[in-house]
Amino acid sequence: MKFFIDTANIDEIKEANSMGMVDGVTTNPTLIAKEDGKFEDIIKQICEIVDGPISAEVISLVADGMVAEARKLAGIHKNIAVKIPMTIDGLKAVRTLSSEGIKTNVTLVFSPLQALMAAKAGATFVSPFVGRLDDLSQDGLILVEQIVEIYNNYAFDTEIIVASVRNPLHVLESAMMGADIATIPFNVLKKLAAHPMTDKGIQSFLDDWKKAKK
Ligand code: G3P
């Protein structure tokens, strides 16, 4: 399973990358707005740090505008995957961009049929938002299970990025289901590595070492 990091924060990206846990990066307008730099400068910096797909999102709502923004973003670096919202215009844009060899990540996916359409349009990645479905008392992981099954039934190449990840269980269950990628916020990534028994074990080894003959 590939781990992407869901942030535009350069320090977090560098730290997670040094742990060997960054196969790619996803950003969105909200994550970009939290940082100081300009959008394109941040994306360029990320591309210099991480050798993997870097998602940058368009803001246009019409197909022509999305395509124009996407071509510009794709020109920044070969690893850019252009995030396109899951709308009718988004599907049109994905179809065009796919024929031009520009990588796309269809975002804001909340139903299995939206994911099926994204794959048919030729999306490189599809991003189901599990946490935001959980927020509505709908099990977001069921959506991931449905997309995995549909994509397997028809051998689609589109890779599933489990997005809106809020806790370690989202990552665990997605891995068990065979989702290709989880895009993980930095705070959740750190939680994956932690276990109280590990901390307790380290402490007791350190205490005993003080008593050992050296
Ligand atoms: O990058 C898209 C997605 O991961 C956003 O997550 O927490 O804002 O629902 P969240």
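Trainee: Which element gives the largest share of the lining of the second largest pocket?

Mentor: This is a predicted model, in which local features need pLDDT of at least 70 and side-chain atom pairs count only at pLDDT 80 or more, while totals for chains, interfaces and linings use all residues. Residues are numbered from 1 along each chain as its sequence is written, and side-chain values use heavy atoms, without hydrogens and water. A pocket is, on a 1 Å grid over the protein atoms alone, an open set of points where a 1.4 Å probe fits, with protein on both sides within 12 Å along at least five of seven lines; lining residues have an atom within 4 Å of a point. The largest share, 3 residues, comes from helix 4.

Trainee: Which elements give two or more residues to the lining of the second largest pocket?

Mentor: The lining includes N28, P29, E40 and K72. Helices here are DSSP runs (H or I, at least four residues), numbered from the N terminus. The elements in question are helix 2, helix 3 (39–49) and helix 4 (63–74).

Trainee: In which pocket does the ligand sit?

Mentor: A molecule sits in a pocket if more than half of its atoms lie within 2 Å of the grid points of that pocket. By this rule, the ligand sits in the largest pocket.

Trainee: Which residues of the lining are the closest to the centre of the largest pocket?

Mentor: About 340 Å³ of space lies in the largest pocket, a volume being the space filled by probe spheres set on the points. Of its 20 lining residues, the closest to the centre are D6, N28, L31, R132 and S164.

Trainee: How far from an oxygen atom of the ligand is the N or O atom in the side chain of S164?

Mentor: S164 is one of the residues around the ligand, each with a heavy atom within 4 Å of it. A polar contact is a pair of N or O atoms within 3.5 Å. For D6, a polar side-chain atom lies 2.5 Å from a ligand oxygen, and for N28 the value is 3.1 Å. For S164, the distance is 2.6 Å.

Definitions and conventions: Polar contact = N/O pair within 3.5 Å; in protein donor to acceptor, adjacent residues only side chain to side chain.
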